[in-house]
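Dear colleague,

I am handing over the structure below, and after it I set out what was found. Please read the notes with the model open beside them.

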Amino acid sequence: MKVIPAGDCIWEIPPTEKPGMRVPARIYASEALLAQMDQGVFEQVTNVACLPGIVRAALCMPDGHWGYGFPIGGVAAFRADTGVISPGGIGFDINCGMRVLRTGLTEAEVRPRLRELIDALFSAVPSGVGAKGILRLSDTAFRRVMVEGAGWCVAEGYGWREDLEHMEGRGCLPGADPAHVSERAVSRGLEQLGTLGSGNHYLEIQVVPPDGIHDERLARALGIEAPGQVLVMLHCGSRGFGHQIATDYLRRFDEVMPRHGIKVPDRELACAPFRSPEGQAYFAAMTAAANSAFANRQLITHRIREVFGKVFGRDPHALGLSVIYDVCHNTAKVERHRVDGEWLDLVVHRKGATRAFGPGAPDVPEAYRDIGQPVIIGGSMETGSALLVGTAHAMEETWGSTAHGAGRTMSRAQAKKRIRGETLLKDMESRGILVRAASKSGAAEEAGFAYKDIDAVVDVLHRVDISRKVVSLKPIANVKG
Amino acid sequence: MGRWTVLEEIAVADCALEIEGDSLDDLFETAARALCELMVDPATVAPTVERTVSLVAGAVDLLFYDWLSELIFLKDRDREVFIRTQVRVTTASPWRLAARLEGGSIDPEHTALRADLKAVTLHRFAVEETGMGWRARVVIDI
């Protein structure tokens, strides 16, 4: 497949490369990162370019790798009036996302209590297969969660009012309708609220390393004052509730596509016109799952605050445990973007990709209106993560989108062959990173060597100017599912 | 007796499986065993629960999809995994499945946990008859 340079760290696959491509595919990567991308990225991003109503190009971010349907790191926008919506462009873990909290604590203050802290977090935040959630909700309350998202938690006392000001969409996406959610999805998700999950989901205590602040002004605006400051990062999604909604609608779309005259190159890209009854029903159900994911992260935030308060014997407010931001990875949202000089409503799919709206853009919280939306790039549990901000150029180049993490280079099976979980955790502990894992083999799958170099990914985002790097973070303790 | 292997080069963040069975019933039973082994160490699950499952689908591959999806659903809703299954697939239109499941609750104190499977994808999904029996390829979202 022909991959042509189209700018600094931008590569293009022309529509002539595969029958059915309506637009080119664009990949954002350095030469080294491009070389690391597996065959699936090229196959899948060009498949996305075949979908009806796609605008301008099918995009893949520098953390891209083989997914299902879309590649991980995939972004595509479809006209709301004539385009489609596809569960395979969002993923089963709807609104899998990240949240980061600052603290007023330093590493010097946390290190002596770190073992106690991570043990308490591991015990307070259920993780792994079969974990039961923090709350036992009634059916009625769960339906409110679907519509109100994190706002429901705050109203019920599981959070601070100002938390909502620091989330994508204030922790609640509009358009959710429980009427389009199956009883099966409800019964699957009802007892899972406040659980971490497994795979690449985690809760991590991080520190700003000595050379970690890249832009002091932007860092201060995010509440990061100096190296040594401790932060808490969280990665999880909508759990079985979202997985079931995606399963229900993937199955339904697979059956209705012929009726809409749609053919797709990969069955996982099953889709329906956004304005069709099926498309609208899925959007309403998917949004309900997205809101449950915000609530999930909010409940875990509540537990994190409780644990910190108990371990340090101080009120979480006094510990400065405020939310910096909460971003979605796996969503489709209706956004207004300029296309060839015309403002259009687009259904922007981001799968393993993050929104990165620039300064002054709608839905960027007041606190960040001048600097752009905070972006959280989650790395491996061994290497580190990063905070960035969105840019005006991202609005023009990528529908205000950026990467979501380091991105895998090695399969889970290969990682497990290379190291045993126990060995990895022991080795990490000797390097000052404590890990508590529900599954030791699962931890081995998440070893740092299974991921790309996060600094290389962040550098590409900065060079292409779709996000600006602000702070690098290093892990000191991690809870894995 | 069926066989299953992980296809390491496909869908690196997830789990691609190739499953083979001497018969269609064997294929479905082997797939259930594979899913159980991906989620937990079956040796650490006490067989205390019996369930029955009935499914109907318009095509054999969709019946297979629904069967795997059902096992993942039960893992979340009831926190149960199944170490043994007896499956009977009726090869008529529509395709029907009747299964008896034997397993137990996931108990974090005693069950060795592995991956929390999210869903069955349709990426490169295939169920086909071979000269030796039946074969399926499926990518499970992790």
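A place to begin is B:Ala11, which is found in the loop of chain B between β1 (3-6) and β2 (15-21); helices (H or I, at least four residues) and strands (E, at least two) are DSSP runs, numbered from the N terminus. B:Ala11 has a positive phi of about 50 degrees although it is not a glycine. B:Ala11 is also buried, with a relative accessible area of 0%, where buried means under 20% relative accessible area, exposed over 50% and partly exposed in between (1.4 Å probe, protein chains only). As background, most residues other than glycine have a negative phi, and most peptide bonds are trans.

Before going further, please keep in mind that this is a predicted model, in which local features need pLDDT of at least 70 and side-chain atom pairs count only at pLDDT 80 or more, while totals for chains, interfaces and linings use all residues. Residues are numbered from 1 along each chain as its sequence is written, chains are lettered from A and ligands numbered from 1 in the order in which they are written, and side-chain values use heavy atoms, with hydrogens and water left out.

A positive phi in a residue other than glycine is found in chain A as well, at A:Arg239, where phi is near 55 degrees. A:Arg239 has its place in helix α9 (residues 239-256) of chain A, and A:Arg239 is buried, with a relative accessible area of 5%.

Turning to chain B as a whole, there are two helices and eight strands, and along the sequence they follow the pattern β-β-α-β-α-β-β-β-β-β. The radius of gyration of chain B, taken over C-alpha atoms, is 14 Å, close to the 14 Å that the globule rule gives for 142 residues, so chain B is as compact as a globular protein of that length; the rule is 2.2 Å times the number of residues to the power 0.38. The C-alpha trace of chain B spans about 45 × 35 × 25 Å along its principal axes, and 59% of its 142 residues count as buried. Of the contacts (heavy atoms within 4.5 Å) in chain B with a separation of 6 or more, 66% are between residues 24 or more positions apart.

Within this chain, B:Thr85 lies in strand β4 (residues 80-90) and is buried, with a relative accessible area of 13%. Leaving aside its neighbours within four places in sequence, B:Thr85 is in contact with B:Glu29, B:Ala32, B:Trp67, B:Arg100 and B:Leu101.

The two chains also meet, and the contact takes 38 residues from chain B and 47 residues from chain A. The area buried between them, that is, the accessible area (1.4 Å probe) that two parts lose on being put together, summed over both, is about 3,600 Å², of which carbon and sulfur atoms give 52%. B:Val12, B:Lys118 and B:Leu122 supply 18% of the area that chain B buries against chain A, more than any other three residues.

Between chain B and chain A the count is nine salt bridges, each being a side-chain nitrogen of Lys or Arg within 4 Å of a carboxyl oxygen of Asp or Glu. B:Arg124 forms a salt bridge with A:Glu43, and the closest N and O atoms of that pair are 2.5 Å apart. On the side of chain B that touches chain A, the elements that give two or more residues are α2 (60-77) and β6 (119-120) of chain B, and α2(B) gives the largest share, eleven residues.

With best wishes
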